[in-house]
Protein chains: 2
Amino acid sequence: MFKNEDAGSKAEQTRAQIRDVALTSFRNQGFDATTMRQVAKEAGVSLGNAYYYFPTKNHLVQELYIEVQLAHRAAAEPRLAETDDLIARLGAVFQTGLAQLVPFHDYSTGFLTAMVAPNSPLNPMSPESKPARDMIVGLFREALDGARQSLPSEIAPRMPHALWLAHLLMCLFWSYDRSPGQRNTARLVDTGLRLFKAALPFLRVPVVRTPLRTLLDLVGEVGA
Amino acid sequence: MFKNEDAGSKAEQTRAQIRDVALTSFRNQGFDATTMRQVAKEAGVSLGNAYYYFPTKNHLVQELYIEVQLAHRAAAEPRLAETDDLIARLGAVFQTGLAQLVPFHDYSTGFLTAMVAPNSPLNPMSPESKPARDMIVGLFREALDGARQSLPSEIAPRMPHALWLAHLLMCLFWSYDRSPGQRNTARLVDTGLRLFKAALPFLRVPVVRTPLRTLLDLVGEVGA
DNA sequence: CGTAGTTTTTGAACGTGTTCAAAAATGAGG
DNA sequence: CCTCATTTTTGAACACGTTCAAAAACTACG
């Protein structure tokens with residue numbers, strides 16, 4: 001009855017071994033070049049056994065995804081402690097998020113394909129990705145809450161989720177960004193925030209605020 | 001020397017046959033359920049022969065893509081002739097574009113995967129998709145040019161390309177839209193345009209206009 | 001220790017997109 | 001009509017992600 005409670009049990013070791021081999025391979029060779037057969041072989045288990053622990057290859061990518069997310073939070077928190085300026089705080093979350101992606105740019109399209117796939121746990125709609133999603137939405141909420149500036153009450157509660165989507169779009173842009181060092185993506189973030197700052201006063205104008213609120217409600221249903 | 005000039009030559013017939021079978025299957029069964037083997041069999045050719053005419057399965061999807069694009073233009077043109085109001089004209093292009101997608105919603109994720117794939121001709125960056133891209137960018141340019149309202153000169157020339165990207169984002173939203181009849185996507189378009197209309201006067205404010213211009217230049221490099 | 005039940009592991013198989021060398025059909029020139 | 005180069009067609013093969021029945025290892029209990 002009591003077996004694999006989670007500690008160093010044999011099964012958990014095997015699982016961790018497969019996971020580690022896969023993540024290393026993802027980092028070194030990307031998504032496409034990492035095959036389940038190679039992972040199984042390097043982990044010293046049979047192909048079928050890898051599938052016993054991870055139902056699909058995409059579930060292995062999600063292990064990487066979670067690791068990247070945790071690193072994102074770890075990088076963002078100290079920067080959030082430095083300032084209470086809204087724009088600077090949002091910049092901190094976007095920029096640290098972008099920094100986590102850097103090692104993967106060569107293989108970004110492969111991972112992108114995995115993310116979009118219907119049955120993928122990485123899909124924004126998938127239940128498997130809810131915890132990771134909640135974490136980054138929470139990061140944006142924290143960025144907003146700790147700022148000295150405040151947004152209209154109609155807008156504020158809808159912003160964290162919308163910012164998460166904006167972050168996803170930034171990732172999309174980044175994966176297509178062919179400029180050296182993906183400098184353009186960094187500029188996009190800066191410019192986008194500058195624009196947001198300039199637009200802030202107008203968010204209180206009713207004719208702007210009302211459709212914006214509806215818009216945020218609509219995009220809020222994505223991955224609700 | 002003179003052989004398959006393009007008319008009813010044997011080769012062109014075979015190619016058309018494969019194309020037609022594939023497109024019908026895409027419409028009826030979606031991307032994933034349409035296999036190259038089934039297409040070849042139904043077209044009465046060998047598997048390898050299908051690959052002689054279409055280097056990848058995605059190249060067959062592009063044939064569908066082009067057909068959808070042409071239908072989009074055919075649907076948009078008459079509606080553009082009806083009005084000279086900027087917002088109404090943009091709405092016409094977005095709405096007719098959306099209408100073309102309706103039959104494919106059940107399989108949208110499969111097609112989405114194909115579009116994002118690295119080597120796919122459907123990829124926004126790919127040279128193969130340039131003509132289709134130019135067509136829809138041209139459609140947006142026509143919508144802007146024929147409107148009685150005009151945009152700041154710094155913004156105007158950068159808008160068609162940006163609107164094409166907005167259109168792509170609308171397609172992305174639509175593919176994740178689980179509301180009945182994807183009503184939410186239609187509302188998103190309406191609301192987005194209402195917001196754009198409300199924001200129009202502010203586009204002339206320098207502190208808004210300047211970063212917006214930079215932003216448009218940056219996104220303009222995508223699929224340049 | 002032995003037996004029954006559960007968890008873990010295996011290896012072969014399936015269907016997929018794609019590749020390729022070789023065969024067949026086709027067309028031009030003598 | 002024959003020859004030969006080119007275009008078209010074939011069928012077998014490869015590697016991949018994934019599935020599954022059966023074997024093996026393990027655990028709890030008598």
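This is a predicted model: local features need pLDDT of at least 70, side-chain atom pairs count only at pLDDT 80 or more; totals for chains, interfaces and linings use all residues.

Author: Residues are numbered from 1 along each chain as its sequence is written, and chains are lettered from A and ligands numbered from 1 in the order in which they are written.

Reader: Which pattern does chain A follow along the sequence?

Author: Helices (H or I, at least four residues) and strands (E, at least two) are taken as DSSP runs, numbered from the N terminus. On that basis chain A has ten helices and zero strands, and its C-alpha atoms fill a box of roughly 65 × 45 × 35 Å along the principal axes. Read along the sequence, the pattern is α-α-α-α-α-α-α-α-α-α.

Reader: Which helix gives the most to the side of domain 1 of chain A that touches domain 2 of chain A?

Author: Chain A is divided into domain 1 (1-54) and domain 2 (56-220), with bounds that come from an automatic or database domain assignment, and the C-alpha centres of the two domains lie 30 Å apart. Their contact (two residues whose C-beta atoms, placed from the backbone, lie within 7 Å) takes ten residues from domain 1 of chain A and 14 residues from domain 2 of chain A. Of the side that domain 1 presents to domain 2, eight residues come from the helix that gives the most, α1 (residues 10-33) of chain A.

Reader: How far apart are the end C-alpha atoms of helix α4 (residues 57-80) of chain A?

Author: The expected span of a helix is 1.5 Å times one less than its number of residues. The 24 residues of helix α4 of chain A should therefore span 34 Å, and this agrees with the distance between the end C-alpha atoms, which is 35 Å.

Reader: Is B:Asp217 buried or partly exposed?

Author: A residue is buried if 20 or more other C-beta atoms, placed from the backbone, lie within 10 Å of its own, exposed if 12 or fewer do, and partly exposed in between. B:Asp217 is in helix α10 of chain B. Because 15 other C-beta atoms lie within 10 Å of B:Asp217, this residue is partly exposed.

Reader: Where does A:Gln182 lie, given that its phi is near 50°?

Author: The phi of A:Gln182 is a positive value in a residue other than glycine. A:Gln182 counts as buried, because it has 20 C-beta neighbours inside 10 Å. Its place is the loop between α8 (159-176) and α9 (183-199) of chain A.

Reader: Which element supplies the largest share of the side of chain B that touches chain A?

Author: In this interface, 29 residues of chain B are in contact with 28 residues of chain A. At least two residues of the side of chain B come from each of α6 (108-116), α9 (183-199) and α10 (206-220) of chain B. The largest share, nine residues, comes from α9(B).

Reader: What do the buried residues of α6(B) pack against?

Author: Nine of the nine residues of α6(B) are buried, so this helix is largely enclosed by the rest of the structure; among them are B:Phe111 and B:Met115. The buried residues pack against α1 (10-33), α4 (57-80) and α8 (159-176) of chain B, together with α6 (108-116) of chain A.

Reader: Which helix gives the most to the surface near DNA strand C?

Author: A residue is near a strand if its C-beta atom, placed from the backbone, lies within 6 Å of it, and 21 residues surround DNA strand C, the closest including A:Ala11 and B:Thr35. At least two residues of this surface come from each of α1 and α3 (47-53) of chain A and α2 (36-43) and α3 (47-53) of chain B. The helix that gives the most, with four residues, is α3(A).
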